[in-house]
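Please brief me on the aromatic pairs, the charges over rings and the chain contact here. Keep it short and give the cut-offs.

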Amino acid sequence: MIGGLFIYNHKGEVLISRVYRDDIGRNAVDAFRVNVIHARQQVRSPVTNIARTSFFHVKRSNIWLAAVTKQNVNAAMVFEFLYKMCDVMTAYFGKISEENIKNNFVLIYELLDEILDFGYPQNSETGALKTFITQQGIKGQPQTKEEQSQITSQVTGQIGWRREGIKYRRNELFLDVLESVNLLMSPQGQVLSAHVSGRVMMKSYLSGMPECKFGMNDKIVIDKQGKGGTTDDPGKSGKQSIAIDDCTFHQCVRLSKFDSERSISFIPPDGEYELMRYRTTKDIILPFRVIPLVREVGRTKLEVKVVIKSNFKPSLLAQKIEVRIPTPLNTSGVQVICMKGKAKYKASENAIVWKIKRMAGMKESQISAEIELLPTNDKKKWARPPISMNFEVPFAPSGLKVRYLKVFESKLNYSDHDVIKWVRYIGRSGIYETRC
Amino acid sequence: LKVINCCVWDPSGEIFELKAELNSDKKEKKKEAVKKVIASMTVGKDVSALFPDVVNCMQTDNLELKKLVYLYLMNYAKSQPDMAIMAVNTFVKDCEDPNPLIRALAVRTMGCIRVDKITEYLCEPLRKCLKDEDPYVRKTAAVCVAKLHDINAQLVEDQGFLDTLKDLISDSNPMVVANAVAALSEIAESHPNSNLLDLNPQTINKLLTALNECTEWGQIFILDCLANYMPCDDRESQSICERVTPRLSHANSAVVLSAVKVLMKFMEMLPKDLDYYGTLLKKLAPPLVTLLSAEAELQYVALRNINLIVQKRPEILKHEMKVFFVKYNDPIYVKLEKLDIMIRLASQANIAQVLAELKEYATEVDVDFVRKAVRAIGRCAIKVEQSAERCVSTLLDLIQTKVNYVVQEAIVVIKDIFRKYPNKYESVIATLCENLDSLDEPEARAAMIWIVGEYAERIDNADELLESFLEGFHDESAQVQLQLLTAIVKLFLKKPTETQELVQQVLSLATQDSDNPDLRDRGYIYWRLLSTDPVAAKEVVLAEKPLISEETDLIEPTLLEELICHIGTLASVYHKPPSAFVEGSRGVQHKRLPARMGAGLGVAPAAMPASLGGAPAVGGGLGDLFDLGGGVGMPTGSYVAPKTVWLLAIKAKGLEISGTFARRGGIIQMDLSLTNKAMSVMTDFAVQFNRNSFGLAPAGPMQVLTPLSPNQTIDVSLPLSMSGPVMKMEPLNNLQVAVKNNIDVFYFSCQYPLSLLFVEDGRFYRQVFLATWKDIPNDSEAQFQIKDIHLNSDVASNKLQGSNIFTIAKRTVEGQDMLYQSIKLTNGIWVLAEMRIQTGNPNYTKTNGFRDCMQKQMYDSTSVVRFSSK
């Protein structure tokens with residue numbers, strides 16, 4: 001299990017050090033600093049073995065978090081824990097920065113004492129932790145016996161993510177389908193790989209212990225219903241179902257029920273959380289197509305022409321479009337002409353950045369550039385990194401549609417109809433690259 | 001906080017100030033002072049002098065202050081045991097507090113204070129807390145038992161805490177169950193044979209129920225524990241799999257990987273024709289692919305594991321090649337791992353795509369990555385014959401780029417392609433020769449020289465090319481020197497008239513001016529061959545070469561099986577068994593996959609071989625001779641145990657030695673790996689043995705030619721002779737070794753397998769066997785059972801013959817095969833054995849008799865060690 005946990009600043013000074021196991025000595029703190037933080041080479045692995053001690057590290061801005069062990073621990077668990085630790089800290093005091101960590105070091109020690117015991121991760125749900133680890137000193141401490149036992153049963157209970165007795169005057173639900181569409185395309189326009197990784201984010205403000213059921217146009221579910229002869233609107237549901245390659249759920253979702261009936265039912269945490277992640281690879285709507293043309297004119301000049309085409313309903317608008325065209329390291333000057341938006345050569349980033357605020361569907365736009373090169377003796381050819389793109393579109397490129405989200409709370413007197421529900425779809429570019 | 005920013009640390013002054021503040025009457029001031037103390041402690045300053053003052057703050061209602069004081073106590077109690085006792089009262093009192101949070105805090109902290117006197121006081125409160133009405137206290141107490149066990153294992157057993165812990169597995173609260181499972185698993189690891197976890201279908205059912213209800217971390221503890229269970233038949237195995245598969249959709253990657261581990265392990269028991277087996281295989285792919293969309297560090301862990309899974313069951317991911325394509329922004333460690341998996345998945349169906357990708361990668365920036373990509377192209381050529389031509393032309397394109405390391409890497413792989421497809425692509429040699437001058441790495445130079453020598457008859461100026469290398473012969477690395485010697489001899493055999501002078505020159509360079517014994521030996525052999533029988537020389541030097549294998553870097557099957565049992569853990573990340581990086585007794589126990597059963601045949605598998613009662617440290621016991629883990633297709637020959645660590649770096653100023661023994665072609669060798677874990681270079685190695693039972697002694701000095709620089713490992717093979725002084729050791733096969741280097745002399749002892757001493761001429765005369773067998777007195781006889789081996793008598797006999805155990809006769813009595821065998825030891829002792837194999841029942845009974853020729857006494861003790869080891 002985890003033997004110790006250290007947090008360092010970018011210089012390698014230790015900000016937090018908590019040792020859980022006797023086999024980890026103080027010298028481990030220095031070993032990591034010397035061998036990893038101060039190492040001259042770029043980090044070659046997130047797991048480092050120094051003198052039979054294993055160090056797992058993650059970096060958040062310029063803060064290093066390192067977990068140390070001398071045993072054969074579950075490595076995936078250690079990383080999951082480190083991420084969770086970051087989430088918990090962020091939930092308590094915002095951004096993970098040197099200043100915030102120094103200002104909250106007492107709190108961090110208190111958290112570390114609670115969420116890791118003898119190196120075993122314990123309940124790390126912020127919702128539960130916040131009920132008894134507060135920064136308000138004595139005033140914040142639970143006073144009555146009922147309060148105390150309520151806390152302990154929540155921390156250890158089956159529904160560790162939600163406390164009892166939550167009340168809202170207005171029961172409201174916000175549901176965001178956030179997708180990032182990833183593409184790798186060959187210069188000839190052949191799709192080398194494409195996938196959508198999506199997340200269903202929820203904000204729920206519901207009273208009591210509501211039971212929720214979430215439905216979407218999952219092909220397996222739709223087909224099953226189709227077979228049963230219950231399709232009342234074949235034109236609508238038949239074609240628009242999507243094949244989900246795989247999905248994972250927040251721990252509130254009953255996995256065995258999903259496995260047997262493919263229904264998504266759960267008691268939601270209060271506030272914001274990620275209900276589900278999924279991945280699709282079939283029938284993806286690629287919102288943009290990039291057509292590059294790079295021509296080397298002699299040894300000191302490059303001509304680049306890039307066309308982008310938007311490929312969705314003309315009534316929809318894409319936003320925050322940015323095309324990044326890499327330039328060689330020995331670029332001396334660039335002239336750009338673009339039809340739409342603004343384009344600029346950024347020498348520090350070795351790229352031409354072309355920005356367009358808005359673009360409707362089924363349109364196209366073009367940029368051409370002349371790149372002057374300095375003559376070099378460098379034998380090595382320019383690697384021609386791919387042209388990458390960023391954008392945001394108001395639909396889900398996977399084709400996912402939310403069919404329903406039902407809320408049942410039998411003990412309180414509100415029904416599904418009383419809950420105000422909001423649904424929003426946002427498609428963003430993930431790694432959206434076209435080789436040139 | 002201000003203290004952290006202090007540049008000058010004035011110990012006496014600041015401590016004095018803190019002391020005053022700690023003893024202040026104002027609560028707020030006190031708390032601030034304790035905070036300052038903790039801050040100093042964090043940055044590594046010694047504030048232990050404040051111990052009594054801080055402990056005085058412990059009696060407080062303020063939970064935050066209390067926690068800070070506890071934190072201080074955990075850090076310094078060990079260095080101030082006498083004063084730590086002051087804290088006991090407060091702990092005991094807190095364990096009775098009405099607030100469950102305080103009770104839990106007290107029991108949690110007490111367990112972290114490693115002072116003997118305190119642990120005594122811990123027992124009573126812990127007993128109460130284990131039965132506390134509040135689940136939060138119980139779950140904390142469960143972990144505390146593991147803490148206490150780490151400090152004083154005997155105490156935990158004496159106090160009966162283990163039984164209480166076992167009871168907690170049936171607790172109504174899922175988190176208590178999960179923590180109890182974690183604690184028990186940890187304790188069980190340090191008692192491999194204790195059967196502490198006593199998993200049976202009932203407890204398994206409880207665990208599976210808790211699995212659905214507990215936190216993500218608890219699910220991991222439970223799944224990792226489940227993976228150690230051996231289901232009694234394929235039906236049970238299937239029903240567990242069915243209940244574990246829903247975990248594959250969990251958002252936590254560790255839960256997913258642990259579930260994959262359980263499934264991969266239990267799948268072994270399912271008959272392959274079962275529908276469910278196919279369903280399960282299909283279910284495994286999507287979650288593995290999903291792991292690749294996690295954060296980079298987790299992707300790395302996942303990829304290292306997928307690398308194992310792909311080797312074990314390639315069918316799972318064979319259609320998922322695309323997801324392993326490298327993204328431009330992937331961290332380098334992800335890129336390298338993806339590349340590895342791409343090569344493993346490459347097949348005729350996807351080779352075009354793979355090659356196109358690899359070509360892209362070869363133009364990237366990171367040198368290691370580019371090299372690996374080029375090498376991968378070569379490996380594709382060797383793996384998929386249809387693609388070879390395309391691969392070669394891609395490699396030629398890459399050579400045209402003239403990027404130094406790309407060219408060198410390409411030449412190394414082209415050499416392998418030549419070996420795999422002789423007489424097919426030699427037309428490219430001319431292009432290769434153009435790049436001779438740019439080669440500065442030994443491996444590339446050696447490869448090029450090999451090519452020139454091998455195809456000397458097609459290269460007009462082969463002699464000139466090789467001669468140019470000869471100029472700086474002494475500056476070349478050994479690899480290049482050896483290759484050059486061979487290449488010139490090949491050239492001479494092919495074109496004797498023009499190259500006489502050249503061959504003379506290289507032979508004299510190799511034999512007279514070199515310090516490298518390998519080179520000298522090879523030089524003399526060639527010289528003698530050429531001078532006595534040129535025809536024979538031709539036959540030897542220009543002999544047809546064996547084909548090279550398609551797959552490289554495959555993990556050895558036994559290790560792979562073990563690593564599959566460790567999916568998700570560090571072992572799977574390092575691709576090393578836990579014993580290679582975990583100190584002490586933990587992790588020494590080797591895990592194995594369960595054996596597949598005949599459909600419906602519900603034979604309960606016997607205990608794992610490791611628990612057969614013998615000391616596993618004695619390598620090369622009977623089980624090992626049968627090579628249990630190896631499965632089919634293992635090469636014959638004497639069994640060689642994997643290397644184990646003999647000398648720990650911490651005990652030898654940074655020198656770590658691991659090793660094993662082998663018998664190769666009648667010569668006993670001690671294979672050593674020397675690793676320098678210190679900061680400075682090590683030189684002047686030498687080795688000596690103490691007197692031992694069979695007179696083992698080094699046959700020559702240890703050959704460590706180059707100095708061992710920090711973090712470097714070298715492998716040395718030390719031939720042993722039997723001519724050393726004899727002294728009976730306890731145990732008999734114990735060997736005490738002294739190793740010297742420029743720093744110091746270090747001592748360690750190791751045990752060699754007795755099979756090392758079985759000589760090649762150990763075949764007994766058939767006629768004499770029976771008579772001798774009858775003559776053996778009863779007290780020289782011993783019987784053993786070897787369980788769980790699925791071999792028929794012929795295979796067993798072949799395997800044993802590899803270790804010089806000879807089958808003299810065989811007969812079949814009532815469906816049982818009886819094998820009669822003989823063994824001769826180096827000191828002339830004979831051992832006769834009768835082996836009974838019950839077909840259908842994988843248990844062997846071996847009866848041994850001994851015939852003493854020289855040293856009766858020694859002989860008897862030999863047999864005892866030899867056969868009681870398993």
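The points below cover rings first, then the interface.

This is a predicted model: local features need pLDDT of at least 70, side-chain atom pairs count only at pLDDT 80 or more, and totals for chains, interfaces and linings use all residues. Residues are numbered from 1 along each chain as its sequence is written, chains are lettered from A and ligands numbered from 1 in the order in which they are written, and side-chain values use heavy atoms, with hydrogens and water left out.

**Aromatic pairs**

- A search of the whole structure finds 28 aromatic pairs over all chains (rings of Phe, Tyr and Trp, its six-membered ring, with centres within 6.5 Å; planes under 30 degrees apart are stacked, over 60 edge-to-face, the rest tilted).
- F174(A) and Y205(A) are edge-to-face, because their ring centres lie 6.2 Å apart and their planes stand at 80 degrees.
- This pair links distant parts of the chain, 31 residues apart: F174(A) is in strand β8 (residues 172-185) of chain A and Y205(A) in strand β9 (residues 191-205) of chain A. Helices (H or I, at least four residues) and strands (E, at least two) are DSSP runs, numbered from the N terminus.
- F174(A) has 27% relative accessibility, so it counts as partly exposed. Y205(A), at 27%, is also partly exposed. Buried means under 20% relative accessible area, exposed over 50%, partly exposed in between (1.4 Å probe, protein chains only).
- Y574(B) and F581(B) are edge-to-face too, with centres 5.0 Å apart and planes at 85 degrees. Y574(B) is buried at 16%. F581(B) is buried at 4%.
- One aromatic cluster is formed by F6(A), Y8(A), F32(A), F55(A) and W64(A).

**Charges over rings**

- R21(A) places its charged end over the ring of F118(A), 3.5 Å from the centre (NZ of Lys or CZ of Arg within 6 Å of the ring centre and within 35 degrees of the ring normal).
- K424(B) lies over the face of Y421(B), 5.5 Å from the ring centre.

**Interface of chain B and chain A**

- Chain B brings 111 residues to the contact and chain A 92 residues (heavy atoms within 4.5 Å).
- The two chains bury about 8600 Å² between them, 55% of it on carbon and sulfur atoms (accessible area, 1.4 Å probe, lost on being put together, summed over both).
- There are 15 salt bridges between chain B and chain A (a side-chain nitrogen of Lys or Arg within 4 Å of a carboxyl oxygen of Asp or Glu). E360(B) and R435(A) form a salt bridge at 3.8 Å, N to O.
- Helix α10 (residues 135-151) of chain B gives the most to the side of chain B that touches chain A, with 8 residues.
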